[in-house]
Amino acid sequence: MFTFFSLSTSAEDLEKKFGAVIPPAWSPSPAFKQETDIVVLLGPKGQRTAEMMKWGFLPESGSLNPIFCAKAETLYEKPTFSTAVQSRRCAIIAGAIHFSENPKRVSGAAGLVSIGPAQEYPFGLAGIWNERRGASGHP
């Protein structure tokens with residue numbers, strides 16, 4: 001189960017790597033958890049922008065329960081994601097992803113598996129987004 005992701009790279013270094021101005025509200029974190037503000041990249045190279053969004057996909061059905069993980073191989077089949085996956089894709093910038101080997105038992109670093117480059121070099125996770133706004137005003 002995907003638990004959280006981390007990113008310790010400075011905004012300046014992210015701007016150099018991804019070619020987009022990082023919003024001033026963003027700051028590095030060792031733990032971007034569910035429903036926190038994150039920075040995502042939108043648009044193709046050369047036209048890329050960085051935006052702040054809430055971590056968690058709010059379905060168009062009106063549900064207030066965000067979704068944090070989905071299988072890429074079934075996105076086109078699921079009504080929840082079918083519109084967003086065709087036209088609202090983004091890249092979520094991360095330095096490492098962390099998940100629990102046993103979702104019922106997570107305490108500190110014990111039981112967590114981390115995946116990412118040894119030097120926490122930033123990379124993009126595939127993401128989708130929608131137009132609904134959460135309580136913070138972010139999509």
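**The arginine and its surroundings**

Modeller: Leaving out residues up to four places away in sequence, R88 touches E60, T83, G127, I128, W129, N130 and E131, where contact means heavy atoms within 4.5 Å. Please keep in mind that this is a predicted model, in which local features need pLDDT of at least 70 and side-chain atom pairs count only at pLDDT 80 or more, while totals for chains, interfaces and linings use all residues. Residues are numbered from 1 along each chain as its sequence is written, and side-chain values use heavy atoms, with hydrogens and water left out.

R88 sits in the loop between α2 (82-87) and β5 (89-94); here helices are DSSP runs of H or I with at least four residues, strands are runs of E with at least two, and both are numbered from the N terminus. We call R88 buried because its relative accessible area is 12%, and buried means under 20%, exposed over 50% and partly exposed in between, with a 1.4 Å probe and protein chains only. Among the residues R88 touches is W129, and the R88 side chain reaches the backbone oxygen of W129 at 2.9 Å. That is a polar contact, meaning a pair of N or O atoms within 3.5 Å; within protein, one must be able to donate a hydrogen and the other to accept it, and residues adjacent in sequence count only if both atoms are side-chain atoms.

β5 belongs to an open sheet of 4 strands, ordered β4-β3-β5-β8 with antiparallel pairing; two strands pair if DSSP finds at least two bridges between them. The edges are held by β4 and β8 (123-128), and each has a single partner strand, so one side of each has no neighbour in the sheet. From one strand to the next the twist averages 40 degrees, taken between axes that are lines fitted to C-alpha atoms (for helices over the stretch in contact), with angles running from 0 to 180 degrees between N-to-C directions.

On one side of β5, 6 bridges join it to the antiparallel β8, and I93 stands opposite G124 there. On the β3 side, the antiparallel pairing with β5 rests on 2 bridges: V40 stands opposite I92, while L41 faces A91. In a regular strand, side chains alternate between the two faces of the sheet. L41 also has A50 in β4 as its bridge partner, and β3 and β4 pair in the antiparallel sense over 6 bridges. The hairpin of these two strands has 6 residues between them, and G43 takes a positive phi near 90 degrees.

Now for the packing. The largest nonpolar core has 24 residues, and F5, W26, I92 and I93 have the most contacts inside it. Such a core is a set of buried Ala, Val, Leu, Ile, Met, Phe, Trp, Tyr and Cys residues joined through side-chain atoms within 4.5 Å. At least two of its residues come from each of β1 (2-7), α1 (11-18), β3 (37-42), β4 (49-54) and β5. The largest share, 5 residues, is supplied by β3. A second, separate core of 6 residues includes F57, F81, V85 and I128, and I128 is one of the residues that R88 touches.

One more side chain deserves a look for comparison. E15 lies in helix α1 and is partly exposed, with a relative accessible area of 29%. A polar atom of its side chain lies 2.9 Å from the backbone nitrogen of I22. The C-alpha atoms of E15 and A50, 35 residues apart along the chain, are separated by 9.1 Å.

To place all this in the whole, the protein chain has 2 helices and 8 strands, following the pattern β-α-β-β-β-α-β-β-β-β along the sequence. Buried residues make up 35% of its 139 residues. Among contacts between residues at least 6 apart in sequence, 59% join residues at least 24 apart.
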